[in-house]
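Subject: Structure handover

Hello,

Here is the structure for your next calculations. My notes on what was found in it follow below.

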Amino acid sequence: MSKSLINNVEAEFKERFGSKPLVVVSPGRINLIGEHTDYNEGFVFPAAIDKCIVAAIGKSKTQQCMAYALDMSENYAFNLDEVRAIPNGNWKNYIVGVVGELQKKGLEIGPFNLVFAGDIPKGAGLSSSAALENSVVFGLNELFGLKLSKHEMISISQKAEHNYVGVRCGIMDQYASMFGQEDTALLLDCRTQESVSYQLDFKEYGILLINSNVTHNLVDAEYNDRRLVCEKIASLLNVDYLRDADEALLKQIEHKLTPEEYQKGLYVIQENSRVLKACKAIENHDLKTLGKLLFEAHHGARFQFKISCPELDFLVEEAQSHPQVIGARMMGGGFGGCTINIVHHDTMQDFIASISDNYYKKFGKHCSVYKVKLSQGTHLIQN
Ligand code: GLA
């Protein structure tokens, strides 16, 4: 977490609004394994990281709310009695979304001022949006004494995304960003929304993210489409969610599905069990199996669930051909963003140099590389 980011946001708030704000830090997340399983009430294995949104928030002396996105130098002023989704509203919808969902719950907040900035690369699949939502709901909860639990807060963040941004996301991103712990990944059961903490120490191996720098503009529609397919299959199976299905059950209704739909259902069922196998592998300090599961997950994401893209596939293939990389896969919603790689520390620099070079040669654009630390979830800065 960058101290200068915190100082800049706080200073900007003081300058604009002349008072001392509450300052909230809310992290992005990675996910070791388990994509598109969360909205099927399955398992995921995320962790909060040391890239975050910093939000400074304070009560307003006027009737108006004022939000300022420091990184973009953009302002948005609104009144609490006219909160609605803004067409192409971008970051504004995460803020009004949280406010609107608090109001729907009958919670009373007053006018407030907000300044935020962050160092989570956008469109990289690191959940800058969940981090922003969580920072706003956490800040408002504190400022107006709403007494919401963390579970209630993440539910508000998620609904903001559904109803104001238009993405019918699961709970993984908001959960990981809110509940993250240092050096720890969370095996989250998305049905109970309870998690088990795993202290991650891969010894001579480290986690490396490689951003394809591809941001797909149809992502939201594709994402919602995948969710609809899963819901359709669950309803044909007579279960609430695909979490409740296994391969044998799916086989029974194969004739009612297109081959593409069948593969998508199969992917979710298999991905869910991969998450549990990955946990076992970590418990057994069996990194080889963990790595193999990551490669398998990518294969499923690419050929079955069809959420990859040529750039991500290339990055994973490159990783696979490097003997010191034990596992790699695309991470997050798909169609762009990052791969997550488990790489031997001794050869990390070589790997970075060769993959960066080859990526540029192949696509004529650069990839970006991030080493991240697993970090604490959304919290207030005490000063
Ligand atoms: C996005 C969504 C999450 C999850 C992932 C895919 O990040 O916000 O809820 O579905 O995609 O695993």
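Glu296 and Lys292 form a salt bridge, with 3.4 Å between the closest N and O atoms. A salt bridge here is a side-chain nitrogen of Lys or Arg within 4 Å of a carboxyl oxygen of Asp or Glu. The two residues, Glu296 and Lys292, are four residues apart in helix H9 (residues 287-304), so about one helical turn separates them. Helices (H or I, at least four residues) and strands (E, at least two) are DSSP runs, numbered from the N terminus. Glu296 is partly exposed at a relative accessible area of 33%, while Lys292 is exposed at 55%. The cut-offs for these words are under 20% relative accessible area for buried and over 50% for exposed, with partly exposed in between (1.4 Å probe, protein chains only).

The model is predicted: local features need pLDDT of at least 70 and side-chain atom pairs count only at pLDDT 80 or more, whereas totals for chains, interfaces and linings use all residues. Residues are numbered from 1 along each chain as its sequence is written, and side-chain values use heavy atoms, with hydrogens and water left out.

Other salt bridges

The count by this rule is 24 salt bridges. One of them joins Arg227 to Glu231, where the closest N and O atoms are 3.2 Å apart. Both Arg227 and Glu231 belong to helix H6 (residues 219-236), and they sit four residues apart, about one turn of the helix. Arg227 is buried, with a relative accessible area of 11%, and Glu231 is partly exposed, with 31%.

Asp201 forms a salt bridge with Lys203, with 3.3 Å between the closest N and O atoms. Lys203 is exposed, at a relative accessible area of 59%. Salt bridges also link Glu10, Lys14 and Lys20 in a network.

The ligand

Which residues come nearest to the ligand? Of the 13 residues around the ligand, they are Glu35, His36, Asp38, Asp173 and Tyr223. A residue counts as near if one of its heavy atoms lies within 4 Å of the molecule. By class, the shell around the ligand holds four nonpolar, five polar and four charged residues. In this scheme Ala, Val, Leu, Ile, Met, Phe, Trp, Tyr, Cys and Pro are nonpolar, Asp, Glu, Lys and Arg are charged, and the others, Gly among them, are polar.

Polar contacts are pairs of N or O atoms within 3.5 Å; within protein, one atom must be able to donate a hydrogen and the other to accept it, and residues adjacent in sequence count only if both atoms are side-chain atoms. A polar side-chain atom of Glu35 is 2.5 Å from an oxygen atom of the ligand. Gly170 has a polar backbone atom 2.9 Å from an oxygen atom of the ligand. For Gly333, a backbone N or O atom lies 3.4 Å from a ligand oxygen atom. On its own the ligand has 310 Å² of accessible area, and the protein covers 93% of that. Accessible areas come from the Shrake-Rupley method with a 1.4 Å probe; for residues, only the protein chains shown count as cover.

Why does the ligand lie between domain 1 and domain 2? Domain 1 (3-199 + 375-380) and domain 2 (205-371) both give residues to the shell around the ligand, so the ligand lies between them. The domain bounds come from an automatic or database domain assignment.

Backbone and burial

His36, one of the residues that come nearest to the ligand, has a positive phi of about 60° although it is not a glycine. His36 is placed in the loop between E1 and strand E2 (43-44) and counts as buried, at 3% relative accessibility. Glu41, also not a glycine, has a positive phi of about 55°, and its place is in the loop between E1 and E2.

Helix H5 (residues 172-179) is mostly covered, with eight of its eight residues buried. Among the buried residues of H5 are Met172, Asp173 and Phe179.

Two separations

Ser19 lies in the loop between helix H1 (3-17) and strand E1 (22-31), and is partly exposed at 24% relative accessibility. Ser19 and Ile307 are 288 residues apart in sequence, and their C-alpha atoms are 46 Å apart in space.

Lys150 is in helix H4 (residues 150-165) and is partly exposed at 36% relative accessibility. Between the C-alpha atoms of Lys150 and Gly291 there are 32 Å, with the two residues 141 apart along the chain.

Regards
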